[in-house]
Amino acid sequence: MDDVITDSEHPPLSPSNLEGNTPGGNDTLGLNLLTSSEQEYEMDQDSDTWETKPEAMRAKERRSKSNADRPSQFPPNPTLLRILPPIRKSLPMPTLRSATLSPVQAATPSPTAATTPRSAKRRLTPRRAADSADSAQFTAPHMSPLAGAGPMGTPKMLSASPKSSRKRLYGDLVAAEKPKWNPRDPAQMQAVKEALHVATVPSCGLVCRDDEQRRVFEFCKACVEQERAGSLYVCGCPGTGKTLSINKVKERVSRWADEMGMETPDDLLINCTNLGNTSDIFSKILAKFQVRKKASGKLSPLQQLQSMFSHKESAPRRMLLVVVDEMDYLITRDRAVLHDLFMLTTHQFSRCILIGIANAIDLADRFLPKLESLNCKPLVITFRAYSKDQISNIINHRLKALDYDVFEALAIEFCARKVAAASGDMRKALGVCRSAVEVFESRLQDSSKQGFGVVTFDHMDTALSKVFKPVVVHSILCLPQHQQMVLCALANTFQHCKKKATTLGELNKSYIEICRSSQVPAVGMLEFSNMCMILSDQGYLKLGQSKEDKLRRVTLQIDISDITFAFKDSRFFQKCLEQPKF
């Protein structure tokens, strides 16, 4: 870029000053001005250059800087500028040209600057060595390469503040975070409960059962391609995703057949719990083939199906995928229905693809030997119980559809470990999570805090204690009130003494004291003795033999901790357990 020379740095041009300064001459004026400007830029860029200049030159530059601070007293002469076009090109006057220069014009190098041997007048510094060829053109310290730029030749549009960069980055991170869950919003609370409901089918697919689904799909695919019948038995513990996986495979088979241009097989889903009679399953299969019985008294539905699959003329053209859920209900004493159902796939022109689903893992071992002898042994696929990692993954997969965090990670892990150790039932895990949300909701209603929160470890612990409570605890909660008070009297008696047994009379006194403090009418001695006999029959306590009822020996057969755990959420029985021994 051309060097900009202000009027204050040099006197205005006159004919006497321009003698010998023609464009083709020595151009002493232009050279001296350019050298002074470059030396001033050199002084600003490198502090070491100031010491290397002669004393006279430094004094001259100090005078030039002091003159630059005062406004110019000599306005430019337009006539003189018209008669000296070469000098005007090489030395642009800032009072006339700098205001009208565009960014493109300002970046264009001047011919004089290109022909001047600047390398002889300026020293190469490390900063200039790192600059590009275009940046070396801007040699004036007070000239900007772009219009409207800041001082020292730094373009404003290229400057970026680190603080603004941090703000932009922080804004992106905040936008990526999930919004907080508002549990007081009924719509959000309902969305969480629906996501954790057992009947809700995840829209993004079923996870952790890819291998089992692949095996079932390959079996159905081979049957459809070869147009042959086949049987498959799916077994596993409850809540392992058997029915949901088979439904997903059924939809996948239909899509695959459409993509391949093949005839899509029909499908029939039968839940054996809805059958009034086990033999009604053959009527449902026959109705799917749209075959009407001509003489209902001659052939049964099973016989019509067997006749249909035995002749090519009467055999249907389209394949039928029959899914029989809860196959355990088809088990009879002679297992005839179960055997006849699997035998339908052995006929020569059969078009049935039979998939049986049952919870009993040993069911195949019980009926497989006879099916193997009849040459209709089904393929067996076992769905194993979910592990803790799989349960945690499924819960997080369901909650991923929500736009906010609901559970603490530790709470989900605690639920997954507890359910996996007990049964691996995914339905029970979802029920525990819903119960934890309800516990959190009830505590939120009792609290006056308006802040947001999530389901914590304590909420999950309370929900798990309700679901996985021992059988003894559950049975204690189902007892009548006065029998529960008798157990509280037993707990108070043995908590305050080291004896392991007491008499029926002492137990009655403790019971009466609890009734008096609780303002509950006590029963008589005869009825109290009958209640203790009922508790003895159920295994809660043991009664000895004696001539008098008051002297009968009473021994507690359950742990005291089970009684206290059963009544930990009841204020009434907590007060009963706090009563001292009478």
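Biologist: Where is Cys 208 found?
Modeller: Cys 208 sits in the loop between helix 10 (186-195) and helix 11 (210-226). Keep in mind that this is a predicted model.

Biologist: Is Gln 519 buried or exposed?
Modeller: Exposed, because its relative accessibility is 74% and the cut-off for exposed is over 50%.

Biologist: What about Val 523, where does that lie?
Modeller: Val 523 is in the loop between helix 23 (504-518) and helix 24 (525-537). Gln 519 belongs to the loop between those helices too.

Biologist: And is Val 523 buried or exposed?
Modeller: Val 523 counts as buried, because its relative accessibility is 16% and buried means under 20%.

Biologist: What does Val 523 touch, if I skip residues up to four places away in sequence?
Modeller: Val 523 touches His 482, Tyr 511, Phe 528 and Met 531. Take His 482: Val 523 is 41 residues from it in sequence, and the C-alpha to C-alpha distance is 8.5 Å.

Biologist: His 482 and Tyr 511, which helices are those in?
Modeller: His 482 is in helix 22 and Tyr 511 is in helix 23. Both take part where the two helices meet. From helix 22 you also have Met 485, Val 486, Cys 488, Ala 489, Leu 490, Asn 492 and Thr 493. Helix 23 brings Leu 507, Ser 510, Ile 514 and Cys 515 as well.

Biologist: At roughly what angle do the axes of helix 22 and helix 23 cross?
Modeller: Roughly 115°, with the axes of helix 22 (residues 481-495) and helix 23 coming within 9 Å. The two helices are therefore roughly perpendicular to each other. Helix 22 passes helix 23 in a right-handed crossing.

Biologist: Let me go to Thr 502. Where is its place?
Modeller: Thr 502 is in strand 6, which covers residues 501-503.

Biologist: Buried or exposed, that Thr 502?
Modeller: Thr 502 is buried, because its relative accessible area is 5% and the limit for buried is under 20%.

Biologist: Which side chain has a polar contact with the side chain of Thr 502?
Modeller: That of Glu 506, with a polar contact of 2.7 Å.

Biologist: What else is Thr 502 in contact with, leaving aside neighbours within four places in sequence?
Modeller: Thr 493, Phe 494, Arg 552, Arg 553 and Val 554. You've already met Thr 493 in helix 22, in the meeting with helix 23.

Biologist: New topic: Lys 193. Which helix is it in?
Modeller: Lys 193 is in helix 10.

Biologist: Is Lys 193 buried or exposed?
Modeller: Lys 193 counts as buried, because its relative accessibility is 18% and the cut-off is under 20%.

Biologist: So what is Lys 193 in contact with, leaving aside its neighbours within four places?
Modeller: Arg 434, Glu 438 and Glu 441.

Biologist: Let's talk about helix 19. How do the axes of helix 19 and helix 20 cross?
Modeller: The axes of helix 19 (residues 426-446) and helix 20 (residues 457-467) come within 8 Å and cross at roughly 125°. Helix 19 and helix 20 are therefore oblique to each other. Their crossing is right-handed.

Biologist: Which residues make that contact?
Modeller: On helix 19 they include Val 432, Ala 436, Val 439 and Phe 440. On helix 20, Met 460, Ala 463, Leu 464 and Val 467 are among them.

Biologist: And helix 13 with helix 14, at what angle do those axes cross?
Modeller: Roughly 45°, and the axes of helix 13 (residues 280-288) and helix 14 (residues 301-308) come within 8 Å. Helix 13 and helix 14 are therefore oblique to each other, and the crossing is left-handed.

Biologist: Which residues meet there?
Modeller: Phe 282, Ser 283, Ile 285 and Leu 286 from helix 13 meet Pro 301, Leu 302, Gln 304, Leu 305 and Met 308 from helix 14.

Biologist: Last one, the whole chain. How many helices and strands are there?
Modeller: There are 26 helices and 8 strands. Of the 582 residues, 40% count as buried.

Terms used: Residues are numbered from 1 along each chain as its sequence is written. This is a predicted model: local features need pLDDT of at least 70, side-chain atom pairs count only at pLDDT 80 or more; totals for chains, interfaces and linings use all residues. Side-chain values use heavy atoms; hydrogens and water are left out. Helices (H or I, at least four residues) and strands (E, at least two) are DSSP runs, numbered from the N terminus. Buried means under 20% relative accessible area, exposed over 50%, partly exposed in between (1.4 Å probe, protein chains only). A polar contact is a pair of N or O atoms within 3.5 Å; within protein, one must be able to donate a hydrogen and the other to accept it, and residues adjacent in sequence count only if both atoms are side-chain atoms. Contact means heavy atoms within 4.5 Å. Axes are lines fitted to C-alpha atoms, for helices over the stretch in contact, and angles run from 0 to 180 degrees between N-to-C directions. Angles under 35 degrees count as roughly parallel, over 145 as roughly antiparallel, 65 to 115 as roughly perpendicular and the rest as oblique. A crossing is left-handed if the near helix is turned anticlockwise from the far one by less than a right angle, and right-handed if clockwise.
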